[in-house]
Amino acid sequence: MVEAVLWVFYAGHGVPIQFDLGDRTESIQFLEYWATIPSATETMYLAVPAVALGLCGLILARRAGVSNPVEGAMGGAFVVIGYGGLFCLSLAFATVESADGLVSVGPAMSDAVLRGLGYPIIAGGSAAHSRGLARANPRLSPV
């Protein structure tokens, strides 16, 4: 049951689920099998992690008191420590193997690691960069 919940979480980041069948490997995009989801809802579902991480980066920059865009980007990228770490750690619980170990189902490892680190760096760093930019240039509206 935990695996299925994690697969939905990984699907929100666009990570495919990989079936290792011993002699061959196949991958699927989990959301494609939910035929009832309209494309607008799927797009919003995929945007949730980026928006949440952007808010985290913004809050982190605000609390750290960043004063320029470079500080903001570097500080916001630190969202990767918490989010990326948990994202990659949960890979251990997201894979199911058969009793004989010949078949396994779980997120594609390389995609999961890449997106688990990339999402928080890009979304958190961008939002905190915006905060630093607004602080460095008073003519911009406060972020």
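Phe 87 is buried, at 2% relative accessibility, where buried means under 20% relative accessible area, exposed over 50% and partly exposed in between (1.4 Å probe, protein chains only). This is a predicted model, so local features need pLDDT of at least 70 and side-chain atom pairs count only at pLDDT 80 or more, while totals for chains, interfaces and linings use all residues. Residues are numbered from 1 along each chain as its sequence is written, and side-chain values use heavy atoms, with hydrogens and water left out.

**Aromatic pairs**

- Rings of Phe, Tyr and Trp (its six-membered ring) pair if their centres lie within 6.5 Å; planes under 30 degrees apart are stacked, over 60 edge-to-face, and the rest tilted. By that rule there are five aromatic pairs.
- Take Tyr 10 and Phe 87: their ring centres are 4.7 Å apart and the planes sit at 75°, so this pair is edge-to-face. It links distant parts of the chain, with Tyr 10 in helix α1 (residues 2-11) and Phe 87 in helix α4 (residues 79-89), 77 residues apart.
- Tyr 10 is buried too, with a relative accessible area of 0%.
- Phe 9, Tyr 10, Tyr 83 and Phe 87 are linked into a cluster by ring pairs.

**Overall layout**

- The chain has five helices and four strands; helices (H or I, at least four residues) and strands (E, at least two) are DSSP runs, numbered from the N terminus.
- Reading from the N terminus, the elements go α-β-β-α-α-α-β-β-α.
- The radius of gyration of the chain is 18 Å, well over the 15 Å that the globule rule gives for 143 residues, so the chain is more spread out than a compact globule. That radius is taken over C-alpha atoms, and the globule rule is 2.2 Å times the number of residues to the power 0.38.
- Along the principal axes, the C-alpha atoms fill a box of roughly 60 × 30 × 25 Å.
- Buried residues account for 31% of the 143 residues.
- Of the contacts (heavy atoms within 4.5 Å) between residues at least 6 apart in sequence, 71% join residues at least 24 apart.

**The sheet**

- Four strands form an open sheet in the order β2-β1-β4-β3, with antiparallel pairing; two strands pair if DSSP finds at least two bridges between them.
- β2 (25-28) and β3 (96-97) are the edge strands, each with a single partner strand, so one side of each has no neighbour in the sheet.
- Strands β1 (residues 17-20) and β4 (residues 104-107) run antiparallel and are joined by four bridges. Phe 19 stands opposite Val 105 in β4.
- β1 also pairs with β2 in the antiparallel sense, over four bridges, with Ile 17 opposite Ile 28 in β2.
- The β1 and β2 hairpin has four residues between the strands, and Gly 22 there takes a positive phi near 85°.
- Asp 20 has Thr 25 as its bridge partner in β2 and stands opposite Ser 104 in β4.

**Ser 104 up close**

- Ser 104 lies in strand β4 and is buried, with a relative accessible area of 17%.
- Setting aside neighbours within four places in sequence, Ser 104 is in contact with Gln 18, Phe 19, Asp 20, Thr 95, Val 96 and Glu 97.

- In α1, Leu 6, Trp 7, Tyr 10 and Ala 11 are buried. Looking down the axis of α1, its buried residues fall within an arc of 145°, so they line one face of the helix; the arc is that of the directions from the helix axis to the C-beta atoms.
- Val 2 and Val 5 are exposed on the other side of α1.
- The buried residues of α4 are Val 79, Val 80, Gly 84 and Phe 87. Down the axis of α4 they fall within an arc of 75°, so they line one face of that helix.
- Ile 81, Leu 86 and Leu 89 are exposed on the other side of α4.
- As background, an α-helix has 3.6 residues a turn, so residues three or four places apart point the same way.
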